[in-house]
Amino acid sequence: MQSALTRRRLLATAAGAAGVATVATALGWVGGALGPRLVEPAGELVRRGEAGRRRAGAATVTAALQPRPVTLDLGGPLVQTWAYAESVPGPLLRARAGDLLRIHVENGLPAETSVHWHGVALRNDMDGVPGLTQRPIAAGGRHTYEFTAPDPGTYFYHPHSGVQLDRGLYGVVVIDDPDEPGGFDAEWVVVLDDWVDGTGRTPDQVLASLAEMAEHMRHGGHGGHGGHGGHGGGMETMVSPLLGGAGDVAYPWYLVNGRIADAPVTLTGKPGWRVRIRLVNAAADTAFRVALTGHRLTVTHTDGFPVVPTDVDAILLGMGERADVTVDLGDGAFGLVAAAEGKIGQGLAVVRTGAGEPPPATRRPAELDRRMALASTLRAAEPVRLPDQAPDRVHTLVLSGQMMPYRWTINGATYERLDPLLVCSGERVRLRLVNRSTMFHPMHVHGHTFAITGGGARKDTVIVVPNQGIDVDLDATNPGQWMVHCHNIYHAEAGMMINLAYQA
Ligand code: C2O
Ligand code: CU
């Protein structure tokens, strides 16, 4: 998930710049000798945008992240992995809207890394995409991210380097709204994940085996031991009635706040409490259906932005999606269940306000199959509704690809062969997402919060199911070079990414 430097563009700039080895050409945002001039991630326009974001008298919130190899206890199983701290998720970062965040990263990994601030409409040069907005942070190297977070909400951070997200490298960013009434008795941050690292394969090996299996099949093989490659025998089973093809990898564990379902975390409250739960799907290849047994959920926000409050029994979250839900707690012990959609297994946290036995780790609660919130059915709250306006520009992204060979494409091509989607500052831009594959794709746009057309929810990540087209609109008000990609990390690595490029 790095390398925006396309081969074609690299050749073009190498020729065009005639030996002027600037950071610019190294980062690849010069569109080539003949290409359009693009906004520079660290240029004047971006600096000006940041100045406009800054609130007078805003606080500076500082934090340190030290990605490093660790041994984690998932609640029984001990795994070797990479994480931002000695536990997973990484440190919770919290600031108020308009504050400046200053995060020092010290790379203790034996590999290059980066940190991306998923969902935050920040200055482009702090977006954390190696090859596009910065150089990678070398093993042993340091980097400081410094940006204003303009919009309140639930966000998260993770590397934008290869498939590192599928290790333990993720954490949550909460941006508080100084004007929000609040009134919650408690707030719980709940992070969902699919886990494989340290169980005999690393995510890099998973990716390699997906590619190899394709190679093997092409030469007349049978993908026989595919059970561990994720597919093979799994291919038929990893299907969801809602999503179609639901994933490429059958994970041994699904985690809630870093714990397997047999050893769940307990969230403690009192009967009658009103609690806000901030749900984050940090998984690489798994959507989750989430419910709290014996309770109704009121969905108040998706991807940080408010929606018309909607009562449901369950909510579906694709990779990279977040939701804030409010619950009024009953008396007893309950299961906050995150079922891996279309896969076998679930994550669990226990919610306890009184005596009683929580539901067993493997029981699928009835709530999961009742009224379900899908982002596509939620409405934006009035204050954040994107005003209706005809688009100045429409870009169509046809999503396709398959397991054999393992290749995922936008408009028929993989990332290194795709020309950027050009936009100009101030335009209303429509992205027409059309899924012509048999799997779902949670499509994510960096640096912007789009709106599902027709008054739909404001989001930065939206599930597109097979044979579906979904239109999203955004106002191009954050100049720079931004990624648009599938948040299935294996799909992104196998090509399903494109650059949304502001022209200078
Ligand atoms: Cu969480 Cu490029 O994404
Ligand atoms: Cu995908």
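Start by selecting strand 8 (residues 153-158) and strand 9 (residues 171-176), which run antiparallel and are joined by 5 bridges. Strands here are DSSP runs of E with at least two residues, helices are runs of H or I with at least four, and both are numbered from the N terminus. Two strands pair if DSSP finds at least two bridges between them. Zoom in on Tyr157 and you will find Gly171 of strand 9 standing opposite.

Before moving on, note that this is a predicted model, in which local features need pLDDT of at least 70 and side-chain atom pairs count only at pLDDT 80 or more, while totals for chains, interfaces and linings use all residues. Residues are numbered from 1 along each chain as its sequence is written, chains are lettered from A and ligands numbered from 1 in the order in which they are written, and side-chain values use heavy atoms, with hydrogens and water left out.

Now widen the selection to the open sheet of 4 strands, ordered 4-9-8-6 with mixed pairing. Its edge strands, strand 4 (93-96) and strand 6, each pair on one side only. Neighbouring strands of this sheet are turned by 25° against each other on average, direction ignored; axes are lines fitted to C-alpha atoms, for helices over the stretch in contact, and angles run from 0 to 180 degrees between N-to-C directions.

**A loop stop at Asp125**

Next, pick Asp125, in the loop between strand 6 (116-118) and strand 7 (142-148). Is Asp125 buried or exposed? At 11% relative accessibility, Asp125 counts as buried; the cut-offs are under 20% relative accessible area for buried, over 50% for exposed and partly exposed in between, with a 1.4 Å probe and protein chains only. The side chain of Asp125 makes a polar contact with that of Arg123 at 2.8 Å. Such a contact is a pair of N or O atoms within 3.5 Å; within protein, one must be able to donate a hydrogen and the other to accept it, and residues adjacent in sequence count only if both atoms are side-chain atoms. Beyond its neighbours within four places in sequence, Asp125 is in contact (heavy atoms within 4.5 Å) with Pro41, Ala42, Val46 and Thr133.

**Salt bridges**

A salt bridge needs a side-chain nitrogen of Lys or Arg within 4 Å of a carboxyl oxygen of Asp or Glu, and by this rule the count comes to 32.

- Arg48 and Glu44, with closest N and O atoms 3.7 Å apart, sit 4 residues apart in helix 3 (residues 44-53), about one helical turn. Arg48 is exposed at 54%, and Glu44 partly exposed at 42%.
- Glu106 and Arg142 also form a salt bridge, at 3.7 Å. Glu106 lies in strand 5 (residues 100-106) and Arg142 in strand 7, so the pair ties together parts 36 residues apart in sequence.
- Arg167 and Asp197 meet at 3.7 Å, N to O, and both are buried.

For a network of salt bridges, select Arg94, Asp176, Glu187, Arg278 and Asp324 together.

**Last stop: copper**

Finally, select the copper ion (ligand 2): its protein donors are His441 (ND1), Cys486 (SG) and His491 (ND1), 2.0 to 2.1 Å away. Donors are N, O and S atoms within 2.8 Å of the metal (3.2 Å for Na, K and Ca), and sites may look incomplete because water is not among the atoms. Along the chain the donors follow the spacing H-x44-C-x4-H. His441 lies in strand 28 (residues 441-445) and His491 in helix 7 (residues 489-493), so the pair ties together parts 50 residues apart in sequence. His441 is buried at 0%, and His491 is buried at 0%.
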